[in-house]
Amino acid sequence: MDAAPNCAICNAPAYPECPCESERLQIAVKQAEARAMDSRLAEIRDWVISHARKHILNAFERLTSTRKQAHAAYLASLPNYSIYMQYSGHPPLHPFLLGQLQAQISEAHAELKRGIDADWRASVVRYPEVLDYFYSLVEVRLPSDRAQGVSQPPFAVSGYVDKGYELSTTTKEKKKSRRDRDASSPPERDRRSRREPTKEDHSYTVVGRTRVPPMVPTPPIQPGNMRR
Ligand SMILES: [Zn+2]
C-alpha cells in the first residue's frame with residue numbers, strides 16, 4: 001500500500017506528482033529569503049560601495065597629486081616664470097618673451113587638465129574590479145550542522161510541537177542511516193523529509209513520507225521541481 005500523503009494543497013494523490021507543493025514552497029522560500037536577506041544585502045551593498053568609492057577617490061588623489069607636482073615643477077623650470085609670478089602675470093618682459101611664456105603656461109595648464117581627466121577615467125573604470133574585491137571580503141557563513149541552534153532549533157519552546165513524528169524503536173537503525181545521509185546532503189535532497197529533535201538524544205531524525213503528516217505543516221520539499 002502506498003502510504004504517501006496526498007498533496008497538502010489540492011489533496012490530489014501523491015502520484016502522479018502535482019506542482020502545488022513545490023510552487024508554494026518556492027513562494028515561501030522567496031518570501032523568507034526577502035525577510036532574512038534584503039536588509040543584510042542592502043547593508044553589505046552600502047559597505048562595499050562606500051569602501052570602493054573611498055579607495056577610488058584615494059587612488060585618484062594620489063595620481064593627480066603626483067601630476068600636479070610635476071606640473072608645478074615644469075612651470076618653475078620655464079624661463080622667466082618666477083618673474084612672471086612675482087609681477088602677478090604682468091612682468092616687465094619683452095612682449096615676444098611674455099607671449100611665449102604665456103603660451104607655454106597655457107599649454108601646461110591644458111596638459112594638466114587632460115591628465116587629470118585621464119586619471120579620473122582610469123580610476124572610475126576600475127570600479128568593477130574594486131567592487132569585486134570588497135565584495136570578496138564579505139563573509140557569508142553557514143553554521144555547522146552540529147551547532148546547537150541547528151540541531152535543536154527552539155521551535156518547541158515557542159509552542160511549535162512536531163506531533164505525529166513519533167518513531168518506533170524498530171526503525172532506529174533506519175533512522176540513523178537516514179539521518180547520516182541527511183547530514184551529508186542538503187535538506188532539499190530529502191524529498192518531503194521532516195526533522196525533529198528526539199527526546200533521547202536531542203539530535204535530528206528524518207522521517208519519510210510514510211509517516212503521519214505533522215499537525216503543523218511545514219513547507220514540503222520537492223527537489224525535482226525546485227531545480228526546474
Ligand atoms: Zn496539489
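These legends go with several close-up views of a predicted model. Residue numbers start from 1 along each chain as its sequence is written, and side-chain values use heavy atoms, with hydrogens and water left out. As the model is a prediction, local features need pLDDT of at least 70 and side-chain atom pairs count only at pLDDT 80 or more, while totals for chains, interfaces and linings use all residues.

**View 1. The protein chain has 7 helices and 2 strands.** Here helices are DSSP runs of H or I with at least four residues, strands are runs of E with at least two, and both are numbered from the N terminus. Going along the sequence, the order is α-α-α-α-α-α-β-β-α. Of the 228 residues, 27% are buried; buried means under 20% relative accessible area, exposed means over 50%, and partly exposed is in between (1.4 Å probe, protein chains only). The chain exposes about 16,000 Å², and carbon and sulfur atoms supply 58% of that. Those areas come from the Shrake-Rupley method with a 1.4 Å probe, and for residues only the protein chains shown count as cover. Take the contacts between residues at least 6 apart in sequence: 66% of them join residues at least 24 apart. A contact is a pair with heavy atoms within 4.5 Å.

**View 2. Four cysteines hold the zinc ion.** The SG atoms of Cys7, Cys10, Cys18 and Cys20 coordinate the zinc ion at 2.2 to 2.3 Å. Donors are N, O and S atoms within 2.8 Å of the metal (3.2 Å for Na, K and Ca), and water is not among the atoms, so sites may look incomplete. Along the chain, the donors follow the spacing C-x2-C-x7-C-x1-C. Cys7 and Cys18 both sit in the segment before helix H1 (20–77), 11 residues apart. Cys7 is buried, and Cys18 is buried too.

**View 3. The zinc site is tetrahedral.** The 4 donor atoms subtend angles of 98 to 116° around the zinc ion, so the arrangement counts as tetrahedral. For four donors, that label requires all angles to lie between 85 and 135 degrees. The ideal angle for four tetrahedral donors is 109.5 degrees.

**View 4. Ser50 belongs to helix H1.** Ser50 is partly exposed because its relative accessibility is 34%.

**View 5. His71 is another residue of helix H1.** With a relative accessible area of 12%, His71 is buried. Setting aside neighbours within four places in sequence, His71 is in contact with Ala108, His109 and Leu112.

How values were computed. Tetrahedral: all angles 85-135°; square planar, octahedral: opposite > 155°, others 65-115°.
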